[in-house]
Amino acid sequence: MGVGRGLKINEYGVFKGGKRIGGRTEAEVYRRVGLRYIEPELREDRGEIEAARTGRLPRLVTLADIRGELHAHTTDSDGKNTLAEMAEAARARGYEYLAVTDHSKHVTVANGLDEKRLARQIGAIDRLNARLKGFRVLRSCEVDILEDGRLDLDDAVLAELDFTICSVHYRLDLPASRQTERILRAMDNPRFTILGHPTGRLIGRRGPSQVDMERLMRAARERGCYMEINAQPERLDLSDLHVKMAKGIGLKVAVGTDAHSTRNLDFMRLGIDQARRGWLAAADVLNARPWRELETLFRRR
Ligand SMILES: [Zn+2]
Ligand SMILES: [Zn+2]
């Protein structure tokens, strides 16, 4: 684009004839060549220059847009802090809500909750909410997706929750067709809201499970389900490319830290970076919205 304007661009700046007309700052370089500033996260040769030229660059989501946490554990399963401590820590970060998403019973190593213990936790959340002003603890659960696609808890208790995160925690090695069917089947359950850490990858330790991601995303959109960007540094799952795929499909995404302690809530920054690499604006991120909007979005069509 510079060449068309008779400009020369190199590592020293932007030149017209022999004269340097820009290069002190990146913003100046973009201005001189007639492009909107492209955020560093977008500089991957994935259509960002074309988007800048045609005014279709997204205004990327920032940490300041985030209104709440949608994925957090407590001492009721494998978290290190209590329900009240997690709520207080979320509030101290300026959030309006925190969802408690402890594990369900299939995850015995994480002391997963059965129907009875989840019902008891719901009671504790209701009592805590009665004391809190201007902050809300959401009743939720990280429900295991069983190998045959059923959810790990009875529908009756799931119906008491504000929403669910549903995750695959075992048999991540199924062939693509079976893994995809397993998740599609789970999404058929009207209690399914968000697919947690969608590929199960652990960076440097375990590759992503084999799924037809585009099919899952289209199905999620049709059914009124969503996907998570899990912000744990070893997960960052969805990947940047999958985040961009979700954006293209028009599927909204939750950025969740999967916090197992109050300090882990700070992983949000990593999740936001991942969202930005996938071109997401605040409007694409579920927890950039107040609860009253989420409540409507979480109602299944
Ligand atoms: Zn999980
Ligand atoms: Zn979790």
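Let's start with a pair of helices: helix 6 (residues 176-187) and helix 7 (residues 213-223) pack with their axes 10 Å apart and at an angle of about 5°. Because angles under 35 degrees count as roughly parallel, helix 6 is roughly parallel to helix 7. Axes here are lines fitted to C-alpha atoms, for helices over the stretch in contact, and angles run from 0 to 180 degrees between N-to-C directions. Helices (H or I, at least four residues) and strands (E, at least two) are DSSP runs, numbered from the N terminus.

Where the two helices meet, helix 6 brings T180, I183, L184 and M187, and helix 7 brings R215, L216, A219, A220 and R223. By class, these residues are six nonpolar, one polar and two charged. Ala, Val, Leu, Ile, Met, Phe, Trp, Tyr, Cys and Pro count as nonpolar, Asp, Glu, Lys and Arg as charged, and the others, Gly among them, as polar.

Before going on, please keep in mind that this is a predicted model, in which local features need pLDDT of at least 70 and side-chain atom pairs count only at pLDDT 80 or more, while totals for chains, interfaces and linings use all residues. Residues are numbered from 1 along each chain as its sequence is written, and chains are lettered from A and ligands numbered from 1 in the order in which they are written.

Now step back to the whole chain. Its secondary structure comes to 10 helices and 11 strands, and its C-alpha trace spans about 75 × 45 × 35 Å along the principal axes. An automatic or database assignment divides the chain into domain 1 (3-53) and domain 2 (63-297). Their centres, taken over C-alpha atoms, are separated by 40 Å. Four residues from domain 1 and four residues from domain 2 make up the contact, where two residues are in contact if their C-beta atoms, placed from the backbone, lie within 7 Å. On the domain 1 side there are one nonpolar, no polar and three charged residues.

Finally, look at T164, in the loop between helix 5 (155-158) and strand 8 (165-167). T164 counts as buried because it has 25 C-beta neighbours inside 10 Å, and the cut-off for buried is 20 or more other C-beta atoms within 10 Å. Beyond its neighbours within four places in sequence, T164 is in contact with S140, C141, V143, L158, R191, F192 and T193. Across the chain of 301 residues, 43% count as buried.

How values were computed: Buried ≥ 20, exposed ≤ 12 C-beta atoms within 10 Å, placed from the backbone. Parallel < 35°, antiparallel > 145°, perpendicular 65-115°, else oblique.
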